[in-house]
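Welcome! Here is a short tour of one protein model, written for someone meeting it for the first time. Please have a look at the sequence and the structure before reading on.

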Amino acid sequence: MNYQATIQYLFRQLPMFQRVGKQAFKKDLGNIIALCDHLGQPQQNFKSVHIAGTNGKGSTAHILAAILQTAGYKVGLYTSPHYRDFRERIKINGTYITEQAVVDFVADNKSYFEALKPSFFEMTVAMAFNYFSQEKVDIAIIETGLGGRLDSTNIIQPLLSIITNIGMDHEAMLGNTLPLIATEKAGIIKPNTPVLIGETNSETAPVFLQKAKQENSPITFVDQVIKAELVALNQQKATYAISSASYKLNIEQLHLDLTGNYQQHNLKNALLASQFLANHQFNISPEHIQKACANVQGISKILGRWQVLSQAPLTICDSGHNEHGLKYIAQALNDLKKQQIHFVFGTVNDKDLEKVFPLLPQQAIYYFCKANVPRGLDAQKLQQSAKKYGLAGDHYPSVAEAFAHAQKQAKAEDCVFIGGSIFVVAEVV
């Protein structure tokens, strides 16, 4: 099979959570353990950092990868889901896994897959571990897919674990309270392994403290030991004053090319992680940090995070899709002080819209649409549901049509925003 045929085979043969929902979620690690046994335990052949959390995992991972790359290391990066190209999930120094490597991996293991019947995600994790091992990366940054305790990535023994934050998302699989969700995420805390918790929350902190004590793992709450004060902002960069007495990290002006207002939390996670790694014989200087943060998008190839697509009208997309993420997006849109927001909005059919709609800007003009995935919510149903919350606009049969109408109707001084689901964003990046 060639590359396209291989990808179609994977999508067809293996259940994929992003496309079909919770029926693809496996509540045990049996398949990934079997896969990695079959492959010769590739995950044991490289150092790693493991990242879980409701939001910010991908951004934290990309910023940290950019810092390590700039410091001269060969860095593997595993994230999910992908936007347009399956290979976005598996990168080394910002370069996607080769098409040939994907083809070869599937061809070499196809009969084993068909006997085991792993999920799409389990297969992808195994592919990443195998690729990073073969390519002899110095370190790999590994993002969990969903949860932590039972996530397929949770068979690595990292140098450091990071849990960015806890919010309500995927309740059907992770639990319907913050402490229950935190318990699942806390499953990545390994014995005698430092863990960073990005944001202190009175409901979830006891869960993390108890698990860290149980595993004899040093625990640090990032927001308690490092500050990132925003001192300047435009559509190209955010400038922060960084200070941490505990870790002797002080940078008067740190430019970050990820300008979403939520990125200050992810920046702090990545900066503190870099300091922990510096204590594990990684040579990371303040100059490496400054150079990396100024060009995260170019170095680590991050997509879909408050990404500016064009000017006049200012056109931005962001893949924040849950209650926690959409609060930041609504605030950021308000901060733009634009005359009119044109909001291209779509979501999936298992989203709790009663929690989402109240967060969205009331005065925006909406362009409701359905992303081209089986889980996409019908645009007309979305429009009707949104009407009850005072959100007005027309519905369109595709993201492309909704986006085209928004661009046509927007004035030069307005803003067009595309979001609600990573699948909607994937069709415009």
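Helices here are DSSP runs of H or I with at least four residues, strands are runs of E with at least two, and both are numbered from the N terminus. Pro-81 is joined to Ser-80 by a cis peptide bond, with omega about -10°.

A word on the ground rules. This is a predicted model, in which local features need pLDDT of at least 70 and side-chain atom pairs count only at pLDDT 80 or more, while totals for chains, interfaces and linings use all residues. Residues are numbered from 1 along each chain as its sequence is written, and side-chain values use heavy atoms, with hydrogens and water left out.

A cis bond also links Ala-312 to Pro-313, with omega near 0°. Pro-313 belongs to the loop between strand 12 (307-310) and strand 13 (314-317). Another backbone feature is found at Asn-93, a residue other than glycine whose phi is positive, near 50°. Asn-93 lies in the loop between strand 3 and strand 4 (95-96).

Now for the helices. How do helix 3, helix 5 and helix 6 pack against one another? The table gives the angles and the axis distances. Axes are lines fitted to C-alpha atoms, for helices over the stretch in contact, and angles run from 0 to 180 degrees between N-to-C directions.

| Helix pair | Angle | Axis distance |
|---|---|---|
| Helix 3 (residues 30-39) and helix 5 (residues 99-116) | about 135° | 12 Å |
| Helix 5 and helix 6 | roughly 125° | within 11 Å |
| Helix 3 and helix 6 | roughly 35° | within 10 Å |

The angle between helix 3 and helix 5 makes them oblique (under 35 degrees counts as roughly parallel, over 145 as roughly antiparallel, 65 to 115 as roughly perpendicular and the rest as oblique). Their crossing is right-handed, a term used if the near helix is turned clockwise from the far one by less than a right angle, with anticlockwise being left-handed. In contact (heavy atoms within 4.5 Å) are residues including Leu-35 and Leu-39 of helix 3 and Phe-105 and Phe-113 of helix 5. The residues of this contact divide into seven nonpolar, three polar and no charged. Here Ala, Val, Leu, Ile, Met, Phe, Trp, Tyr, Cys and Pro count as nonpolar, Asp, Glu, Lys and Arg as charged, and the others, Gly among them, as polar.

Helix 5 passes helix 6 in a right-handed crossing too. Among the residues that meet there are Phe-105 and Phe-113 in helix 5 and Met-123 and Tyr-131 in helix 6. This contact has nine nonpolar, one polar and no charged residues.

Helix 3 also crosses helix 6 in a right-handed way. Leu-35 and Cys-36 of helix 3 and Glu-122 and Phe-129 of helix 6 are among the residues in this contact, which holds eight nonpolar, two polar and one charged.

The rings of Phe-46 and Phe-129 have centres 6.0 Å apart and planes at 55°, so the pair is tilted. Rings of Phe, Tyr and Trp (its six-membered ring) pair if their centres lie within 6.5 Å, with planes under 30 degrees apart counted as stacked, over 60 as edge-to-face and the rest as tilted. Phe-46, in the loop between helix 3 and strand 1 (47-52), and Phe-129, in helix 6 (residues 120-134), are 83 residues apart.
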